[in-house]
Amino acid sequence: MRTLITAAAALLLAACTGLAVAPEGASVPLAGAAGGAETCSRFAYAIGTLAEAGSEEARIAAHVTGVTAAAQRATCLLRSNRISVTSSQQALGLIDTARADLAAWRVAACAWPPGDARRTACVRDPIAAGRARDRVIATRGLLAALIGI
Amino acid sequence: MQLPLTQANLLLAGLQLAIDAATVSGASHVDLDAAFAKLEAARDELAAEIAMRTGDQKGAA
């Protein structure tokens, strides 16, 4: 529970930071950074976005989008020498963890397209879906703390 | 025609409600396959960038 609260707080902070991020090029570029004023801030907001309303598919999609933004931001930061290879490897590990939990959530929530055979045969497991979702949120919090701010 | 401020506000509020309704109704047709495909592509791009810097091709697998 404490991990979840910490992760949620980090995610909230990342979201707020993303909203407050200066326009691209407005910040001071790091010396020697490839691409000059590249700050990779255009990916920051999406890392912190959450969708708790709407369908289960919409909520999963919002988290997939957030993790995708984290991968794009990590790549951008690495290319402009703003994070170390070690940090980017840690980010990749977290992204892989989130990806596996997102897939597990999708299976447990039967979030397949209407008419899809997998949806017809699927038996929903709300408890497993909830646990997978909590893990995704926790991992996103760690990602936000690592590269989102 | 110039609308009074309150009417203009009501019009804007109604427009916003219509947009929200369209957004919610569209949410039931989320293309999760496409979202996961984008995640895979972004993940692979990061792995490739790391592998290029470390000379380790295992990370890209």
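Q: How many of the 24 residues of α3(A) are buried?
A: In this predicted model, α3(A) is mostly covered, with 21 of its 24 residues buried.

Q: Which residue just after α3(A) takes a positive phi?
A: That residue is N81(A), where phi is about 55°.

Q: Is R73(A) buried or exposed?
A: The cut-off for buried is under 20% relative accessible area. R73(A), found in helix α3 (residues 56-79) of chain A, has 7% relative accessibility and therefore counts as buried.

Q: Which backbone oxygen does the side chain of R73(A) reach?
A: The side chain of R73(A) reaches the backbone oxygen of C40(A), at 2.8 Å.

Q: What is the area buried between chain A and chain B?
A: The size of an interface is often expressed as the accessible area that is lost when the parts come together. For chain A and chain B the buried area is about 2200 Å², and carbon and sulfur atoms give 69% of that area. In terms of contacts, 27 residues of chain A touch 20 residues of chain B.

Q: How many salt bridges and polar contacts are there between chain A and chain B?
A: The count of salt bridges between the two chains is 5. For polar contacts, the rule finds 7 residue pairs across the interface, both residues being at pLDDT 80 or more.

Q: Which elements of chain A each supply at least two residues of the side that touches chain B?
A: They are α3 and α4 (85-109) of chain A. The largest share comes from α3(A), with 13 residues. By class, this side of chain A has 15 nonpolar, 7 polar and 5 charged residues.

Q: Which side chain of chain B meets R79(A) in a salt bridge?
A: The partner is E49(B), and the N to O distance is 2.9 Å.

Q: Where is R53(B), and which residues is R53(B) in contact with beyond its neighbours within four places in sequence?
A: R53(B) lies in helix α2 (residues 32-54) of chain B. Leaving aside those sequence neighbours, R53(B) is in contact with L78(A), R79(A), N81(A) and V85(A). Among them, N81(A) is the residue with the positive phi, and R79(A) is the one in the salt bridge with E49(B).

Q: What is the relative accessible area of R53(B), and how is that value read?
A: The class partly exposed covers values between the buried limit of 20% and the exposed limit of 50%. R53(B) has a relative accessible area of 35%, so R53(B) is partly exposed.

Note on methods. Residues numbered from 1 in each chain as written. Chains lettered and ligands numbered in written order. Predicted model: local features only at pLDDT ≥ 70, side-chain atom pairs only at ≥ 80, totals over all residues. Heavy atoms only, no water. Buried < 20%, exposed > 50% of the residue type's maximum accessible area, 1.4 Å probe, protein only. Polar contact = N/O pair within 3.5 Å; in protein donor to acceptor, adjacent residues only side chain to side chain. Contact = heavy atoms within 4.5 Å. Buried area = accessible area lost by both parts, 1.4 Å probe. Salt bridge = Lys/Arg side-chain N within 4 Å of Asp/Glu carboxyl O. Nonpolar A, V, L, I, M, F, W, Y, C, P; charged D, E, K, R; others polar.
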